[in-house]
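Reader: Could you walk me through how to read a few features of this model, taking one idea at a time?

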Amino acid sequence: MLKNIYLNFKKYTFLMGQMVSRDFKVKYKRSVLGIIWSLLYPLLQMIVMALIFSQMFRFKMEGVNYLVYLMTGLVMFNYFSEASSSAMGSVCANFNLMNKVYIPKYIFPLSKCLFVGINFLLTLIPLLLIILFSGDATTHCTINIYYLLLPISYICLFLFTVGLGFILSTISVFLRDIFYIYGIIMTMWQYFTPLFYDISMIDPKLQIIFKFNPLYLYIDFTRQIILYGHNPDLFTWLGCIISSVLVFGFGCILFKKKQDKFIYYA
């Protein structure tokens with residue numbers, strides 16, 4: 001079974017690459033700076049958010065580079081938000097193509113997550129510059145050996161996002177209201193994820209609930225390495241791996257079970 005999945009995936013790798021390439025061309029069509037916006041936009045966003053939270057609202061954390069703390073969370077959450085939202089509508093947006101030729105339907109949400117993922121990797125460049133050149137003598141972040149573990153948090157975030165993308169794209173075929181509902185959910189999710197505030201500010205009883213938020217786990221995994229220079233604790237390790245595998249697995253099963261009915265709701 002695994003061999004068939006691998007061969008099927010390999011067979012359509014070129015098509016998936018073409019779809020990702022198409023998304024890039026459409027996104028930056030008639031743009032003067034083109035793909036440079038993938039670097040410039042997150043950098044400008046980081047500057048604006050830094051001014052708002054560190055200067056206007058005076059958010060600070062003792063002994064921690066607040067700018068890095070804020071941007072580490074925003075970069076990861078923005079990837080999740082954009083990728084899951086794009087994946088949600090990917091199947092509905094390609095009904096015409098599905099009616100003409102056979103294409104494995106999982107390619108649509110997966111290609112969206114990969115496309116946004118490339119942008120995410122590009123945003124890590126300005127983030128790295130902020131890590132290296134911001135902060136004072138007590139809050140400056142340094143590159144450490146645990147940076148080698150960072151891809152684990154990004155892979156877990158990717159698997160979780162793809163899994164949720166499969167779930168959302170399946171639901172959207174049968175219930176178009178999900179497009180409006182998910183916008184509200186994302187707004188709530190953003191505030192329930194400690195992006196610009198420290199979880200220690202929350203009531204200890206509520207902290208337990210917040211710590212079971214998968215996005216908090218992925219972001220905290222990254223922050224423990226970048227900000228504090230140590231290996232993430234066991235709870236964070238297990239939480240990241242288990243949540244990503246469970247959601248990815250459930251998403252794959254649900255999508256595969258329902259995909260044959262998609263064509264009836266075109």
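Reader: Let's start with the cysteines: is Cys113 buried or exposed?

Author: Burial is read from relative accessible area: buried means under 20%, exposed over 50% and partly exposed in between, with a 1.4 Å probe and protein chains only. Cys113 has a relative accessible area of 1%, so this residue counts as buried. Cys92 comes out at 17%, so Cys92 is buried as well.

Reader: Before going on, what kind of model is this, and what do the values rest on?

Author: This is a predicted model, where local features need pLDDT of at least 70 and side-chain atom pairs count only at pLDDT 80 or more, while totals for chains, interfaces and linings use all residues. Residues are numbered from 1 along each chain as its sequence is written, and side-chain values use heavy atoms, with hydrogens and water left out.

Reader: Thanks! How many disulfides does the structure hold?

Author: A disulfide here is a pair of cysteine sulfur atoms within 2.5 Å. The structure holds zero of them.

Reader: And how should I read the overall make-up of the chain?

Author: Helices (H or I, at least four residues) and strands (E, at least two) are DSSP runs, numbered from the N terminus. Here the chain has 12 helices and zero strands. Of its 266 residues, 48% are buried. For contacts, the test is heavy atoms within 4.5 Å. Among contacts between residues at least 6 apart in sequence, 76% join residues at least 24 apart.

Reader: How do I read a pair of packed helices?

Author: Start from the axes, which are lines fitted to C-alpha atoms, for helices over the stretch in contact; angles run from 0 to 180 degrees between N-to-C directions. Take H4 (66-88) and H7 (residues 107-133): their axes come within 8 Å and cross at roughly 165 degrees. That angle is why H4 is roughly antiparallel to H7. The cut-offs are under 35 degrees for roughly parallel, over 145 for roughly antiparallel, 65 to 115 for roughly perpendicular, and oblique for the rest. Residues making the contact include Leu67, Met71, Val75 and Tyr79 of H4, and Cys113, Val116, Phe120 and Leu127 of H7.

Reader: Which way does H4 run against H8?

Author: H4 and H8 (residues 150-174) pack at about 30 degrees, with their axes 8 Å apart. Therefore H4 is roughly parallel to H8. This crossing, too, is right-handed. On the H4 side the contact includes Met76, Phe80, Ala83 and Ala87; on the H8 side, Tyr154, Leu157, Thr161 and Leu164 are among the partners.

Reader: Which residues of H4 meet H11?

Author: Among them are Val68, Thr72, Gly73 and Phe77, which meet H11 residues including Leu215, Tyr218, Thr222 and Arg223. The axes of H4 and H11 (residues 214-226) come within 10 Å and cross at roughly 145 degrees, in a right-handed crossing.

Reader: Now for the loops. Where is Asn65?

Author: Asn65 sits in the loop between H3 (37-56) and H4. Asn65 is buried, at a relative accessible area of 5%. A polar atom of the Asn65 side chain lies 3.2 Å from the backbone nitrogen of Leu67. Leaving out residues up to four places away in sequence, Asn65 touches Ser134, Gly135, Thr139, Cys141 and Leu227.

Reader: And what does Tyr147 touch?

Author: Tyr147, in the loop between H7 and H8, touches Ile131, Thr142, Ile225 and Ile226, again not counting residues up to four places away. Its relative accessible area is 15%, so Tyr147 is buried. Its C-alpha is 9.3 Å from that of His230, 83 residues away in sequence.

Key. A polar contact is a pair of N or O atoms within 3.5 Å; within protein, one must be able to donate a hydrogen and the other to accept it, and residues adjacent in sequence count only if both atoms are side-chain atoms. A crossing is left-handed if the near helix is turned anticlockwise from the far one by less than a right angle, and right-handed if clockwise.
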